[in-house]
Amino acid sequence: MIAADHMFDEMLDGPDARGREPYRSLLSWLEDQDFTKLRKQSAQAEDLFRRIGITFNVYGDEDGEERIIPFDLIPRIIAADEWRRLERGIIQRVAAINAFLSDIYHQQEIVRAGVIPASLIHENKAFMPQMCGFTPPGNVYTHVVGVDIVRTGPDSFFVLEDNARVPSGVSYMIENRATMLQMFPELFASHRIQGVGDYPKQLFKSLAESAHTFIDNPNIAVLTPGIFNSAYYEHSFLADEMGVDLLQGSDLEVRDGRVIIRTTAGTAPVDVIYRRVDDEFLDPLSFNPDSVLGTPGLFDAYRSGAVMLANAPGAGIADDKAIYAYMPEIIEFYMGEKPLLENIPTWRCSEPDNLAYVLEHLADLVVKEVHGSGGYGMLVGPAASKRELAAFSRKLQANPSNYVAQPTLALSTVPVLTKAGLASRHVDLRPFVLVSPNGIRVTPGGLTRVALKKGSLVVNSSQGGGTKDTWVLEA
Amino acid sequence: MLGRHADSLFWMARYLERSENLARQIQAAFYHSLTRKGDDVDEWASIIRRTGMADSFDAKHDTMSMANALNFLLRDKTNDDSVISLLAKSRQNARSVRNALTQEVWQSLNESWMTGSEALKRPVNIRDLPALLENIIKASSVFRGALYGTMLHNDIFNFLRLGTFIERADNTARIVGSKYHRLLPTAAASLGGSDQSQWEVMLRALAAWRSYNWLNKGHLDPTAVATFLIFDNRMPRSLSFCYGEICANLQDLEAAYGTSYACGDSARAIAQQLDNGREADIYRLGFRDFVSSFMADSNQLTLAISADFNLGP
């Protein structure tokens, strides 16, 4: 199923030289292109990104240098029927995540039923006891979700991880499309591609629907950690596109139970906050007393219904790696049906049988810390030396419940433009999902991240990853 | 609008205006130094003194020279008021209120910063200096054009314009104040009419050389220069012109917010004093005192604007 020796190429692995069906028209277009000119356009696109300021800050960079994420101009194409399948699976998964969050912050049926061990909830750092017994409007916890999906074959899609806290990257999805439209209008005339540009409007609508029902025309704002945050461009982009204020924690004040900002004409209330700051920096009174970033009293105002926060504090437990291993069970428990999208098989090292298997096959597996992210504290078995394997094995045995293991996947590839012409590189996909009391909506496509280094499986922008425009074709 | 955002808009415009003004002063001093014999460093020293950078310059350089002055004024990142720092601060403020700006306004600032920091990476070759200064000045023009052509003329616009004109008035007052002795009626006698370059450098630094000549048929006279720079309502860098704009923008804000402000009253009082000065003969009122009390009142006005509109981080 997922042997690492065969890599599936989404463009080229078709029945004949014309490539796979969704890419045929693009392939014939590519045949007519002058690659020197394409490379020049590629440089122009990156120059445009810089001038528009689609940049991110690199933490720890002394010069405060801003960088752009490399943009590859060969699009990634998803057929209509492939997308329908993905979309159904994503909606099911996100619905289950919200049901799960509602349950663990209320009656905890799933623990009582013995599906998930209680310790996994209560000892989890992302679990927020302050949220117990509180019901956000419409029972929505994750208003914005990013579901990372990888592909290994024509019909094999897996969810790599869920991002239920503050997923980012949606501005790249939109800007990549805008750039492609400008550079290659003829491709949009010859393909019927589903639009992504109305995402900010959908986000606004979704947030407004999620406000407390007793507020008419809620004042919505985006909350950012500030201009030095790596995703600041995205925060300002979304605020701009939605036509709402972009705030920092110090702009907000809780006065007489209401959340207000100090304006040039006095004060104004804030009813809905799309927060792009982590839980622990929201409110020093409730979460992190050392934080200088938050707004004292914000959480109490939230619990009393004076303001709506998206996503809900404590939603992060749903994307914890230890919880991830239980996602198939979670989906079945709340949805009463089998998961439509597969999880990557995951061995929970807390279970003795699993631990034994993992220790025996360490050289073939990827082992991750359950609370880790960004690739830290991870072992990639096939790339590790004997000594590294031995050292990791000791760490693993010392604290098995801190780890999960997964097989190494042969991620699908899509060609990118290089100096030597087209070359296949590994990709993943992050579709963006909006949830409101009125329903779940997935923007067709998402952000395709691509590992620009040959053979690399790491798509993170901090480690040499780039992005592509992602097309979902009309049926 | 969020008070912090208004503050960023105000300072974004101020810093950009300041970089333009500094570039114009360097332009004038450079021209002056090329058209005179010997190594005259007075003009460089004068710029550094009146912009309040003397201590910081002395801490870094033992001698005053054109090379040291250019380096310090244009590209020294540790100097908060160098052109490169001003462009960076202006852009930083713009970035923090990006969604209050149109794409064109933002891009004009971002691009000036990009080209400016590229051009100022290495010490400036004298041969490249004229083009470089022109580019910095042009950045300001493009910004103004984008501002007028693409932004809503609302409170956002008003705060930007306030920043521009408060900075511009301050700059003109500093130049006039630092050379007040050249503008006294006695100056004509003491200079013997032979060295008029001091008036020229002053007018050039305020983009007013040609317009002054045009209005005065080329006749240079200290009282005419002073009256022109301080009171002429047609001259976009005169104190009276700037205060006309400041009052108009504050009045727009008062209308938009439906209330009057103490800062509005202060601005109108300053404008009134300028009118009085024009009518009553500034020399009788005491030229130097007039300019220095103007600067003090202008500083107070900035604080009042800040307090009335909740500016400040």
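**Notebook: the A–B contact, a strand and a methionine**

I began with one pair across the two chains: A:Glu66 and B:Arg95 form a salt bridge, and their closest N and O atoms lie 3.7 Å apart. I note here that I am reading a predicted model.

**Entry 1: where the chains meet**

I then looked for other pairs of this kind. The interface of chain B and chain A has 4 salt bridges by the rule. I also looked up polar contacts, and the count between chain B and chain A came to 17 residue pairs.

Which helices of chain B supply at least two residues each to the side that touches chain A? I found helix H1 (3-34), helix H5 (83-96), helix H6 (103-119) and helix H8 (155-178). Of what chain B brings to the side touching chain A, H6(B) gives the most, with 6 residues. I sorted that side of chain B by class and got 12 nonpolar, 9 polar and 7 charged residues.

Next I checked how many residues each chain puts in. Chain A brings 26 residues to the contact and chain B brings 28 residues. The residues of chain B that lose the most area to chain A are B:Leu2, B:Arg95 and B:Asn99, which together make up 30% of what that side buries. I was pleased to meet B:Arg95 again, as it is the salt-bridge partner of A:Glu66.

The size of an interface is often given as the accessible area lost when the parts come together. For chain B and chain A, the buried area is about 2200 Å², and carbon and sulfur atoms give 43% of it.

**Entry 2: a strand in chain A**

I turned to strand E17 (residues 403-407) of chain A. Why is E17(A) described as largely enclosed by the rest of the structure? Because 5 of its 5 residues are buried.

In a regular strand the side chains alternate between the two faces of the sheet. In E17(A), I saw A:Tyr403, A:Ala405 and A:Pro407 pointing one way, with A:Val404 and A:Gln406 pointing the other way.

I looked up the neighbours as well. Strand E15 (residues 365-369) runs antiparallel to E17(A) and is joined to it by 5 bridges; there, A:Val367 stands opposite A:Ala405. Strand E14 (residues 347-348) also pairs with E17(A) in the antiparallel sense, over 2 bridges, and A:Arg348 has A:Val404 as its bridge partner.

**Entry 3: a methionine in chain B**

Last, I picked B:Met66, which sits in helix H4 (residues 66-75) of chain B. Leaving out residues up to four places away in sequence, B:Met66 touches B:Phe30, B:Ser33, B:Trp44 and B:Ile126. I also checked B:Lys138, 72 residues from B:Met66 along the chain, and their C-alpha atoms are 23 Å apart.

Technical notes: Residues are numbered from 1 along each chain as its sequence is written. Chains are lettered from A and ligands numbered from 1 in the order in which they are written. This is a predicted model: local features need pLDDT of at least 70, side-chain atom pairs count only at pLDDT 80 or more; totals for chains, interfaces and linings use all residues. Side-chain values use heavy atoms; hydrogens and water are left out. Contact means heavy atoms within 4.5 Å. Buried area is the accessible area (1.4 Å probe) that two parts lose on being put together, summed over both. A salt bridge is a side-chain nitrogen of Lys or Arg within 4 Å of a carboxyl oxygen of Asp or Glu. A polar contact is a pair of N or O atoms within 3.5 Å; within protein, one must be able to donate a hydrogen and the other to accept it, and residues adjacent in sequence count only if both atoms are side-chain atoms. Helices (H or I, at least four residues) and strands (E, at least two) are DSSP runs, numbered from the N terminus. Ala, Val, Leu, Ile, Met, Phe, Trp, Tyr, Cys and Pro count as nonpolar, Asp, Glu, Lys and Arg as charged, and the others, Gly among them, as polar. Buried means under 20% relative accessible area, exposed over 50%, partly exposed in between (1.4 Å probe, protein chains only). Two strands pair if DSSP finds at least two bridges between them.
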